[in-house]
Amino acid sequence: DLDGGIIISQPKTYGRFQVTSPQPDYMTWSTASLFICFIWGIFAFMSSNKVRKFNHMKAYDQAAHFSREAKKYNQSAAACS
């Protein structure tokens, strides 16, 4: 800003709708995916950890994004087997 004012930015949103409840983390599935297909399992496990972190912070919109990622990676690990 050229006039020295303070810029306040909104938090990043991942979806079109406000998410107001904790999201599934798929942690059990992600842990099993580590043994089924290690590469996809690592990505699933990391996404599941982020879901837990954002659920704990009550940042459910971000948690929903990583929940969808964790599910996608777990499905890829299942297809890998």
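**A first look around**

Guide: Let's start with W40, which counts as partly exposed at 32% relative accessibility. Buried means under 20% relative accessible area, exposed means over 50%, and partly exposed lies in between (1.4 Å probe, protein chains only).

Visitor: What kind of model is this, and how are the residues numbered?

Guide: This is a predicted model, where local features need pLDDT of at least 70 and side-chain atom pairs count only at pLDDT 80 or more, while totals for chains, interfaces and linings use all residues. Numbering runs from 1 along each chain as its sequence is written, and side-chain values use heavy atoms, with hydrogens and water left out.

Visitor: Okay. How many helices and strands does the protein have?

Guide: Three helices and zero strands. From the N terminus on, the order is α-α-α. Helices (H or I, at least four residues) and strands (E, at least two) are DSSP runs, numbered from the N terminus.

Visitor: And how much of the protein is buried?

Guide: Buried residues are 33% of the 81 residues.

Visitor: Which residues make up the largest nonpolar core?

Guide: Five residues: V51, F54, A59, A63 and F66. Helix 2 and helix 3 are the elements that give two or more residues to this core. A nonpolar core is a set of buried Ala, Val, Leu, Ile, Met, Phe, Trp, Tyr and Cys residues joined through side-chain atoms within 4.5 Å.

Visitor: What lies over the face of F54?

Guide: K53 does, at 5.1 Å from the ring centre. The test asks for NZ of Lys or CZ of Arg within 6 Å of the ring centre and within 35 degrees of the ring normal.

Visitor: Now rings. How many aromatic pairs turn up in the whole structure?

Guide: Five aromatic pairs. One of them is Y26 with W29, an edge-to-face pair at 6.0 Å centre to centre, with 70 degrees between the planes. Another is W40 with Y73, stacked at 5.8 Å centre to centre, with 25 degrees between the planes. W40 lies in helix 2 and Y73 in helix 3 (residues 60-80), so this pair ties together parts that are 33 residues apart in sequence.

Visitor: What counts as a pair?

Guide: Rings of Phe, Tyr and Trp (its six-membered ring) pair if their centres lie within 6.5 Å. Planes under 30 degrees apart count as stacked, over 60 as edge-to-face, and the rest as tilted.

Visitor: Is Y73 buried or exposed?

Guide: Y73 counts as buried, at 16% relative accessibility. Ring pairs also link W40, F43 and Y73 into a cluster.

Visitor: Where is F43?

Guide: In helix 2. F43 counts as partly exposed, at 36% relative accessibility. F43 and S30 are 13 residues apart in sequence, and their C-alpha atoms are 8.5 Å apart in space.

Visitor: What about A32 and F45?

Guide: Their C-alpha atoms are separated by 9.4 Å, and they sit 13 residues apart along the chain. A32 belongs to helix 1 (residues 27-36). A32 is partly exposed, with a relative accessible area of 34%.

Visitor: Over to the surface. Which residues form a nonpolar patch there?

Guide: F38, I39, W40, F43 and M46, with about 510 Å² of accessible area together. Patch residues have over 30% relative accessible area and no salt bridge; like charges are joined within 9 Å, nonpolar side chains (Val, Leu, Ile, Met, Phe, Trp, Tyr) within 5 Å. Areas come from the Shrake-Rupley method with a 1.4 Å probe; for residues, only the protein chains shown count as cover.

Visitor: Tell me about I39.

Guide: I39 is in helix 2 (residues 38-56). I39 is exposed, with a relative accessible area of 53%.

Visitor: How many salt bridges are found?

Guide: One, in a search of the whole structure. D25 forms a salt bridge with R52, with 2.6 Å between the closest N and O atoms. The pair links distant parts of the chain, 27 residues apart: D25 is in the segment before helix 1, and R52 is in helix 2. A salt bridge is a side-chain nitrogen of Lys or Arg within 4 Å of a carboxyl oxygen of Asp or Glu.

Visitor: Last topic, the backbone. What is phi of Y26?

Guide: Near 55 degrees, a positive value in a residue other than glycine. Most residues other than glycine have a negative phi. Y26 lies in the segment before helix 1. K58, also not a glycine, has a positive phi of about 60 degrees. K58 is in the loop between helix 2 and helix 3, and counts as exposed at 61% relative accessibility.
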